[in-house]
Amino acid sequence: MPKNSKVTQREHSSEHVTESVADLLALEEPVDYKQSVLNVAGEAGSKQKAAEEELDAEDRPAWNSKLQYILAQIGFSVGLGNIWRFPYLCQKNGGGAYLVPYLVLLIIIGIPLFFLELAVGQRIRRGSIGVWHYVCPRLGGIGFSSCIVCLFVGLYYNVIIGWSIFYFFKSFQYPLPWSECPVIRNGSTAVVEAECEKSSATTYFWYREALDISDSISESGGLNWKMTLCLLVAWSIVGMAVVKGIQSSGKVMYFSSLFPYVVLACFLVRGLLLRGAVDGILHMFTPKLDKMLDPQVWREAATQVFFALGLGFGGVIAFSSYNKQDNNCHFDAALVSFINFFTSVLATLVVFAVLGFKANIMNEKCVVENAEKILGYLNTNVLSRDLIPPHVNFSHLTTKDYMEMYNVIMTVKEDQFSALGLDPCLLEDELDKSVQGTGLAFIAFTEAMTHFPASPFWSVMFFLMLINLGLGSMIGTMAGITTPIIDTFKVPKEMFTVGCCVFAFFVGLLFVQRSGNYFVTMFDDYSATLPLTVIVILENIAVAWIYGTKKFMQELTEMLGFRPYRFYFYMWKFVSPLCMAVLTTASVIQLGVTPPGYSAWIKEEAAERYLYFPNWAMAILITLIVVAVLPIPVVFFLRHFHLLSDGSNTLSVSYKKGRMMKDISNLEENDETRFILSKVPSEAPSPMPTHRSYLGPGSTSPLETSGNPNGRYGSGYLLASTPESEL
């Protein structure tokens with residue numbers, strides 16, 4: 001035996017060495033399990049070293065309060081997608097009809113899987129890598145894939161926070177800089193910028209002043225120095241918020257999670273008082289039932305559920321791992337899911353109220369412009385004044401009067417009507433103009449705010465809300481990266497966290513080129529969606545089919561003190577995996593049928609044009625997806641063929657009394673069943689562990705066989721009968 005073997009501790013220690021497990025059990029006294037724990041893990045299914053688990057349980061940080069933890073989960077799950085993605089999907093997919101598939105999928109997929117992630121994180125008290133290594137070593141790659149997806153999302157998500165920071169500082173002006181088109185002066189003549197005149201002031205400011213965007217993803221255009229500085233500020237804020245782990249991020253959550261609700265409440269009250277707000281809300285809640293039968297709507301609803309609750313990222317697991325074992329995570333799952341859905345509906349009400357106001361403004365503008373055209377035609381005798389109803393007053397022209405005049409002209413001048421270039425100016429058309437993602441926040445909403453009284457105040461509040469929403473999600477995303485890495489590889493927390501932020505900033509320079517917005521689209525729409533779906537379905541399979549749903553439900557009963565509803569059993573076992581398998585298949589088919597692309601802003605046309613990604617961009621996109629899911633088959637292969645240890649050849653026996661821990665780990669083959677260190681035999685604790693390592697499908701828990709008269713406590717507990725003299 002090597003001289004440095006831990007077993008040789010007996011030669012240099014004055015402590016009593018128990019001759020065998022049988023002797024130790026014979027001398028055992030009743031022990032308080034909260035103060036003394038014996039963990040033995042030695043079978044092939046054992047997933048963690050018991051000594052490491054106990055040390056982590058002793059030293060692992062914990063939330064200061066339940067409120068802090070709930071706010072952290074809310075801050076992570078409630079993000080920018082609730083503000084601009086959910087309202088856009090409602091507008092695009094039939095208004096109130098979209099709520100039906102979303103709610104159905106939230107109940108049968110979202111809440112059960114959110115509860116599952118909360119439970120495994122709280123039970124095992126590890127990040128995503130440690131959790132899935134514990135549940136099923138061959139699927140341990142799930143944790144690494146979660147970290148990679150978190151990295152991809154964090155890279156572009158913080159760029160969006162940088163955009164919000166830019167608009168936040170630009171909001172301290174009156175009038176707002178995007179309220180009017182810039183005027184170019186050439187001597188005594190003043191000309192409105194052509195690109196702005198063709199589009200709108202807010203659109204021009206977004207694409208030209210903020211992004212200074214190129215015409216395609218192939219045209220880099222160099223770095224946008226303004227956005228580079230904003231990205232640096234964003235990563236500095238995130239770094240300061242997460243550098244101390246939950247000790248620093250938990251305090252930030254009190255403001256970043258609650259402030260957005262204050263702003264949303266203010267915007268809702270202000271929005272409801274705007275003229276035309278009711279039109280927008282009624283438009284939103286008027287369902288288009290045919291959309292409910294569209295498979296694409298269900299696919300998008302499922303994707304939104306995943307992103308809204310943060311499933312598969314590892315952030316949910318990381319936050320719950322800092323909880324106490326007896327925390328009621330079932331209540332947490334229901335509460336956070338409800339608050340998330342409530343926030344999405346609240347944000348949608350605000351958005352549609354404001355968009356209803358904007359639609360009325362734009363409709364009135366349309367009426368005025370077309371009325372001027374008609375007056376011009378009347379003055380040039382292109383149209384006869386007999387076509388104008390006698391009660392119409394051009395100085396006080398209402399929408400109703402214009403529509404009456406428009407219909408008369410269209411009926412009489414049917415053959416020449418298209419040449420007149422008159423628009424119908426329908427409010428419904430304005431409300432149907434769907435604006436996706438960043439366009440909703442940085443174009444449509446900002447344009448509406450220019451018409452508010454005290455518009456700079458509302459603009460400052462709005463973009464401060466976006467910064468806080470993004471910060472809450474970024475804290476959870478960073479936790480999904482740092483917590484599992486720190487837990488697994490024991491790297492210094494502060495140094496590793498700062499290193500991650502610095503690395504992410506430099507890689508994030510890709511997104512602050514003039515073509516950076518197109519790369520954001522690539523990462524947001526494609527690189528994370530499919531890998532996340534794969535991760536979540538494998539999480540479900542690992543727990544429900546490999547670990548075992550019955551066993552998991554039993555452990556939940558022991559942990560929570562009550563048995564969860566049987567509803568979860570059927571969701572985890574059958575319904576959720578089936579639904580997610582269909583979703584994964586649909587996503588793959590969608591990528592094959594519709595080539596990935598992006599909306600490019602063409603400067604000469606002052607309009608968007610949908611372009612397909614070039615071959616090199618497609619290669620990057622495919623590489624991102626492969627890299628995100630690659631750890632899963634790699635780890636499976638290495639552990640299936642025993643090329644990577646899963647800890648099955650390690651027997652860890654640990655004894656803890658107060659803060660004292662003695663550990664024997666990595667014992668040699670002839671030693672691993674023979675030694676337990678203890679001060680005196682009377683201090684030997686009960687052999688019942690506080691939690692049971694997974695022994696594989698069909699295995700028997702140590703707790704279930706501890707009464708075996710042969711002295712064997714399941715396959716993980718072997719009695720040492722060889723005399724000490726044989727060593």
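Predicted model: local features only at pLDDT ≥ 70, side-chain atom pairs only at ≥ 80, totals over all residues.

Colleague: Is asparagine 381 buried or exposed?

Modeller: Buried means under 20% relative accessible area, exposed over 50%, and partly exposed in between (1.4 Å probe, protein chains only). Asparagine 381 comes in at 67% relative accessibility, so the label is exposed.

Colleague: What is phi of asparagine 381 near?

Modeller: This residue isn't a glycine, yet its phi is positive. For asparagine 381, phi is near 65°.

Colleague: Alanine 606 has a positive phi too, near 50°. Where does it lie, and is it buried or exposed?

Modeller: Look in the loop between β4 (597–602) and β5 (607–612) for alanine 606. Its relative accessible area is 6%, so alanine 606 is buried.

Colleague: How many helices and strands does the protein have, and what percentage of its residues is buried?

Modeller: Going through the protein gives 27 helices and seven strands. Of the 727 residues in the protein, the buried ones make up 56%.

Colleague: How many disulfides does a search of the whole structure find?

Modeller: A disulfide is a covalent bond between the sulfur atoms of two cysteines. Here the test is a pair of cysteine sulfur atoms within 2.5 Å. Cysteine 181 and cysteine 196 pass, with sulfur atoms 1.9 Å apart, and so do cysteine 366 and cysteine 425, also 1.9 Å apart. The search of the whole structure ends at two.

Colleague: How many residues apart in sequence are the parts tied together by cysteine 181 and cysteine 196?

Modeller: The link of cysteine 181 and cysteine 196 is left-handed, with -80° about the S-S bond. Cysteine 181 lies in the loop between α8 and β2 (183–186) and cysteine 196 in helix α9 (residues 194–198), so the parts they tie together are apart in sequence by 15 residues.

Colleague: And for cysteine 366 and cysteine 425, how many residues apart are the parts?

Modeller: This link is left-handed as well, with -80° about the S-S bond. Cysteine 366 sits in helix α16 (residues 329–379) and cysteine 425 in the loop between α18 (417–420) and α19 (427–432), so the separation in sequence is 59 residues.

Colleague: Which residues does the cis peptide bond with omega of about -5° join?

Modeller: One of the pair, proline 175, is found in the loop between α8 and β2. Its partner is a tyrosine, and the bond joins tyrosine 174 and proline 175.

Colleague: Now some packing: is α7 roughly parallel or roughly antiparallel to α8?

Modeller: Axes are lines fitted to C-alpha atoms, for helices over the stretch in contact, and angles run from 0 to 180 degrees between N-to-C directions. Angles under 35 degrees count as roughly parallel, over 145 as roughly antiparallel, 65 to 115 as roughly perpendicular and the rest as oblique. Helix α7 (residues 128–135) and helix α8 (residues 141–170) pack at about 160°, with axes 7 Å apart. That makes the two helices roughly antiparallel.

Colleague: Which residues of α8 make the contact with α7?

Modeller: Contact means heavy atoms within 4.5 Å. From α7 come Ser128, Ile129 and Trp132. From α8 come Ile142, Gly143, Phe144, Ser146 and Cys147.

Colleague: Last one: what is the angle between α21 and α22?

Modeller: Helix α21 (residues 455–489) and helix α22 (residues 493–507) have axes 11 Å apart. They pack at an angle of about 140°.

Key
Residues numbered from 1 in each chain as written. Heavy atoms only, no water. Helix = DSSP H or I, 4+ residues; strand = E, 2+ residues; numbered from the N terminus.
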